[in-house]
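Visitor: Please take a close look at the charged side-chain pairs in this model. Then place them in the rest of the fold.

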Amino acid sequence: MHKTREFHRQSIDDPDTFWRREAQRIHWETPFEQVLDYSNPPFARWFVGGRTNLCYNAIDRWLDTQADQPALIWVSTEVEQEIVYTRAELSREVNAAAAILKSLGVSRGDRVLIYLPMIPQAAFFMLASARIGAIHSVVFGGFAAHNLAQRIDGAQPKVVISTDAGSRGGKAIAYKPLLDQAMKQSKCAPEHVVIVDRGLIPYQAVAGRDLDYAQLRTRYLDVAVPVEWMESNDPSYVLYTSGTTGNPKGVQRDTGGYAVALCTSMDYIFGGKPGDVYFSASDIGWVVGHSYVIYGPLLNGQASVMYEGLPTRPDAAILWKIIEQYRVKALFCAPTAIRVLKKHDPALLTRHDLSCLDRIYLAGEPLDELTGRWISEALGKPVIDNYWQTETGWPILSAQPGVEEIELRFGSPSTPAYGFDVRVIDEVTGLDSGPNQKGVVAIQPPLPPGALSTIWDDDARFVHTYFESFPGRMLYSTFDWGLVDEDGYWYILGRTDDVINVAGHRLGTREIEESVNIHPAVAESAVVGVSDSTKGQVAMAFAVLRHPDDLLEAGASERLANEIKTIIEQRNGAVARPAQISFVNSLPKTRSGKVLRRAIVALCEGRDPGDLTTIEDPSALDQIRATL
Ligand code: ATP
Ligand code: MG
């Protein structure tokens, strides 16, 4: 890890030289005067005075060399359609979308709210907003009217872009009726809504308000819209965190710092070069969709695969089929997508020629050692666990094969990425923890380029939420719990909210989950801490078996539970022994694949599970309830 460490050290010791050099990766219409202005901590302003544009860097800059090469590859197994847009074709669509926005009065600094599924128009309007200096706010399609109304009031958009419906597992998911409801509930509903009519469900257009995208497109196709040059620190978008903790925060991103950081990450972390094909199977409603479906690959001159569909439909080999067909070099997805595959025929993993694929990147929630090993061995590909947050915009911890090929260790997202001065901090003393000592993962500010500039419309909340957790020190808290081993490998042990305190011993839920998952019959698990009158808290475990039929045998459930308890006692000690181990068919998860631990805890403690608008399958909670 020598080279990685040295590279990281340079970025921290001399950020000025480091980022001045890296900033040359993008086009600056006007050069910046200062690399970093940190005169008002914790607010960091990168590349001050420089003027640039995300859309120009993603599209126009590559038109000389790559006009006829694929830029956006759209695959939908939902509506059985595939469209490859070359950079020139993408440019044409984005210009048309920009002209549509301008015709509706959108200008620099205005907000555009995008409520769309994984269709190319989502990319067009994100890039079009960037082109004219408008700020986009993409709202995840799975949200209910109430969340959407909140986001509308938060952004106060000039225009909303939406559609009749999305599709999931072949079934239409209505968007338009929810939008209509949300527009009624919101205090600042905009004058115009552009509807991309997919013909999936019938709908009623609101006269005077709703405009048809196809008609507008025809009118504005081949209109060239000039690029609006933005100061590096002008906001490019607002995006809410996933809401796993029930407390979404509107992350505000800048322009120049984000472009530079993403370009570096495409190279150093994802090993991508211009012309390479990159595939991130994430929804544009989440940060991975922003950074690694749209901006990262395109800014780096790569082609991006945008996928509308499930990882298991028409069968569990669909990801591999897409990779083979489009010669994908790097795949990015959530661990949950891989865990789902464990329940399917392993022969599907080798049905396609994956010689084009270099590596698989997994992020968004803990990647247990076994799942990581299983997929890596089955495909014969390195698996890179990378750890980050909506707030940071790009990985905080990750192996960086573009810097150096290091030994990967399952269960660890390796080591800090350049630019992030990450520490493990003792919550009580506020001091740095030593090797193998657990604590809160924190970042010494200034945060690097690409990380959030503030919380939308609330600077005070930004400072208060993230920088006031530790006594006597202004550090950014990730609210995750972790440790670094003696070799410098990092481990994330769960969220600080999920840390269990059993009779004075502090345990990360992740540590116990790893042990549960070691049992060969287990596909995945969730461990939560539940209040207990004598011990303070006790652990409760919920496991999903690979083959649910295993439970049919008499006494099977008790035997399995005992075997799992033994593993936990051996690895985590007797205090970690769960009060109850239950078997369920599925875990309650957000649409982005994160286990809703807060909802499980609430049920276990007999409370209301709270806001469940992002839950994937509500019946998973009924099963949990039934085991109690
Ligand atoms: P909210 O902040 O709204 O409650 P959220 O934290 O789930 O939601 P995201 O920003 O999407 O919102 O997720 C970031 C979090 O996901 C991290 O703080 C961490 O808890 C978890 N995470 C992401 N990647 C990894 C990883 N590789 N290993 C372990 N945990 C991860
Ligand atoms: Mg969070």
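**Charged pairs and their surroundings**

Guide: Glu 369 is partly exposed, with a relative accessible area of 29%; buried means under 20%, exposed over 50% and partly exposed in between, using a 1.4 Å probe and protein chains only. The model is predicted, so local features need pLDDT of at least 70 and side-chain atom pairs count only at pLDDT 80 or more, while totals for chains, interfaces and linings use all residues. Residues are numbered from 1 along each chain as its sequence is written, chains are lettered from A and ligands numbered from 1 in the order in which they are written, and side-chain values use heavy atoms, leaving out hydrogens and water.

The partner of Glu 369 in a salt bridge is Arg 373, with the closest N and O atoms 3.6 Å apart; the term requires a side-chain nitrogen of Lys or Arg within 4 Å of a carboxyl oxygen of Asp or Glu. Both residues belong to helix H14 (residues 369-379) and are four residues apart, about one turn of the helix. Helices (H or I, at least four residues) and strands (E, at least two) are DSSP runs, numbered from the N terminus. Arg 373 is also partly exposed, at 32%.

The structure holds 45 salt bridges. One of them joins Glu 616 to Arg 168, where the closest N and O atoms are 2.3 Å apart. Glu 616 sits in the loop between helix H18 (597-604) and helix H19 (619-627), and Arg 168 in strand E9 (residues 165-168), so this pair ties together parts that are 448 residues apart in sequence. Glu 616 is partly exposed, with a relative accessible area of 32%, and Arg 168 counts as partly exposed at 32%.

A further salt bridge, 2.9 Å from N to O, connects the side chains of Glu 513 and Arg 597. This pair links distant parts of the chain, 84 residues apart, with Glu 513 in helix H16 (residues 509-518) and Arg 597 in helix H18. Glu 513 is buried, at a relative accessible area of 7%; Arg 597 counts as buried at 10%. Elsewhere, salt bridges link Arg 21, Glu 22, Arg 25, Asp 267 and Lys 273 in a network.

Asp 210 is buried, at 12% relative accessibility. Beyond its neighbours within four places in sequence, Asp 210 is in contact (heavy atoms within 4.5 Å) with Lys 176, Val 193, Ile 195, Gln 204 and Ala 205.

Eight strands form an open sheet with mixed pairing, in the order E12-E11-E8-E6-E7-E14-E15-E23; two strands pair if DSSP finds at least two bridges between them. Strands E12 (210-212) and E23 (454-455) are the edges, each pairing on one side only. Strand E6 (residues 111-114) and strand E7 (residues 135-138) are parallel and share four bridges, and Val 112 has His 136 in E7 as its bridge partner. Helix H11 (residues 287-299) lies across E7, strand E14 (237-240) and strand E15 (250-253), at about 135° to E14. Axes here are lines fitted to C-alpha atoms, for helices over the stretch in contact, and angles run from 0 to 180 degrees between N-to-C directions.

The nonpolar side chains complete the setting. A nonpolar core is a set of buried Ala, Val, Leu, Ile, Met, Phe, Trp, Tyr and Cys residues joined through side-chain atoms within 4.5 Å. The largest has 111 residues, of which Leu 90, Leu 127, Tyr 292, Tyr 295 and Trp 394 touch the most other members. Apart from it lies another core of 33 residues, including Leu 349 and Ile 360.
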